[in-house]
Every structure is written in structure tokens, then in C-alpha cells.
Amino acid sequence: MKKSIKVLLFIFILCPIILLSACTSPPTYLITALPSDMRLGKVVGSYNNEQLAEGTTITLTANESNSQSNPFICWIKDYKTVVSNEKELSLTYGQSTTGHYTAVFEETNLSNMMFASLNNISFNPEGYQSIDWTISYARTTSGSSYTDLETGSFAPGEFDTNNQSIIYFGSAGANYEYSIQVNLTLTTATGATTEYNVSFHDLLTKNIFDENGSATITEYIEYFNADLSIKFQKLNSSLYELE
């Protein structure tokens with residue numbers, strides 16, 4: 001009899017805990033999505049003003065206004081990373097996917113393209129076997145701090161990136177300017193390392209890109225008697241054709 005009473009009391013205590021757990025709502029997240037230019041295309045499937053429960057799945061679709069002159073290029077997350085070059089982007093709401101997505105369409109005039117990728121880094125000092133690098137950027141506005149753009153490693157010479165790391169120059173009419181820094185770790189054949197930090201004197205702005213949408217900034221490093229060059233490329237569909 002006493003054992004039965006204990007079991008009943010245990011069930012009585014446990015039931016509210018189970019009910020409370022069952023009633024707890026999952027966390028919610030916000031995913032927003034817009035086209036890079038509303039004249040060039042639109043985004044279908046977004047819930048821009050609504051937070052949805054974790055685990056909810058949506059599909060964003062980029063629809064071109066003119067697929068010949070202004071084809072879809074890619075999806076960019078939070079203005080800094082290419083996440084897909086497919087027109088349809090499936091997302092599951094959660095901490096890793098929350099944020100803003102931009103469907104980027106090719107501009108007829110490259111001067112109107114507000115996104116550029118890190119495209120190439122070139123550095124060829126003598127006596128080193130490998131170079132580890134981290135490129136960082138900061139807005140030239142008061143209080144701006146440096147953010148890592150991309151990290152990589154290559155043998156002295158040139159290294160072509162996959163054009164996934166993005167610099168954003170702001171909406172139409174804006175002209176964001178960026179200071180660029182590179183942290184280098186150079187290693188010799190014997191394993192000896194040298195660390196060096198480079199701050200570029202030239203700013204990266206949308207106005208320094210040529211008619212092909214390319215811009216290269218170069219800094220001569222006297223310590224290594226070599227130029228360090230970084231190339232940026234305005235986004236276009238050909239960048240991702242082989243992806």
C-alpha cells in the first residue's frame with residue numbers, strides 16, 4: 001500500500017514537469033531577404049517581418065526581370081559572404097541561418113554594382129616556403145573596428161580565391177570607404193617563421209574600380225623587398241560559372 005502511494009505521488013509530481021516541457025515554445029529567428037536592385041529582380045518566399053520557429057524551412061527564389069541583361073549572380077548573407085549561386089535557396093530557421101540575404105543581380109553598368117569579392121592575393125618574397133595570411137577591413141568612420149575578411153595559405157606567388165568573401169559599398173548613393181590590413185606569417189623551409197602586419201595606405205572605395213570591375217591595391221614592404229597586392233572584383237555572373 002505504501003509503495004502504491006509513493007508511485008502515485010511520483011506521478012503527481014512528474015506530470016506538471018512533463019506538461020510544462022511540452023508547452024515550452026521553440027526559439028524563433030528572423031530571416032530577411034531582398035534583391036540587390038528591385039528594378040533588376042525580386043525575391044519570392046521571404047517572411048521579412050515575421051520571426052519563425054526554429055526548424056521551420058523556407059525556400060527563397062530569385063526571379064530576374066531580364067535574364068539576358070541582368071542575370072542572377074548569387075545569394076549573399078549579411079552583406080559579407082556568398083552562400084549560393086543557385087536561384088533557389090532553402091533555409092532552415094536557426095542560429096546559424098538567421099540574418100539578411102541579398103539576391104544579387106548583374107548590373108548593366110558595373111559602376112552600379114555595390115558588391116565586390118576578394119579575388120586574388122599576390123606576394124612573392126624570397127627565402128620563404130609558405131605564407132599564411134588574414135585580410136581584415138574597417139570602415140573609415142569613427143569607431144569602426146577591423147573585421148576579418150578571409151584567411152588562407154599559399155606558396156609565394158599568386159593565390160586566386162573562390163570569390164566568397166564580400167565587401168559591400170552601401171546602397172545607391174552611398175560610398176563606403178575601407179581601410180585594409182593583412183597579417184602575415186611566413187615560414188622558411190627549415191620551419192622558421194616571421195610575422196608581419198601590413199596596413200595599406202590606399203583606401204578601397206567603389207571609385208577605384210576600372211571598367212572591367214577590377215581594383216588592385218598594392219603596398220611595397222621594404223622588410224621583404226617585395227610588393228603585396230590584393231585584387232577585388234565587382235560581382236558578375238562569370239565569377240561563379242564553374243562553381
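1. For this note, a salt bridge is a side-chain nitrogen of Lys or Arg within 4 Å of a carboxyl oxygen of Asp or Glu. Keep in mind that we're looking at a predicted model. By that rule, the count is 3 salt bridges, and I'll go through them in turn.

2. Start with Arg 39 and Asp 37, whose side chains meet with an N to O distance of 2.7 Å.

3. Next up is Glu 64 with Lys 87, a salt bridge at 2.9 Å, N to O. Glu 64 belongs to strand β5 (residues 57-64), while Lys 87 is in the loop between β7 (81-84) and β8 (88-92), so this pair ties together parts that are 23 residues apart in sequence. As for accessibility, Glu 64 is partly exposed at 23%, and Lys 87 is partly exposed too, at 39%.

4. That leaves Lys 77 and Asp 78, which form a salt bridge with their closest N and O atoms 2.9 Å apart. Which side of the cut-off does Lys 77 fall on, buried or partly exposed? With a relative accessibility of 16%, Lys 77 counts as buried, because the limit for that label is under 20%. Asp 78, at 29%, is partly exposed.

Methods: Residues are numbered from 1 along each chain as its sequence is written. This is a predicted model: local features need pLDDT of at least 70, side-chain atom pairs count only at pLDDT 80 or more; totals for chains, interfaces and linings use all residues. Side-chain values use heavy atoms; hydrogens and water are left out. Helices (H or I, at least four residues) and strands (E, at least two) are DSSP runs, numbered from the N terminus. Buried means under 20% relative accessible area, exposed over 50%, partly exposed in between (1.4 Å probe, protein chains only).
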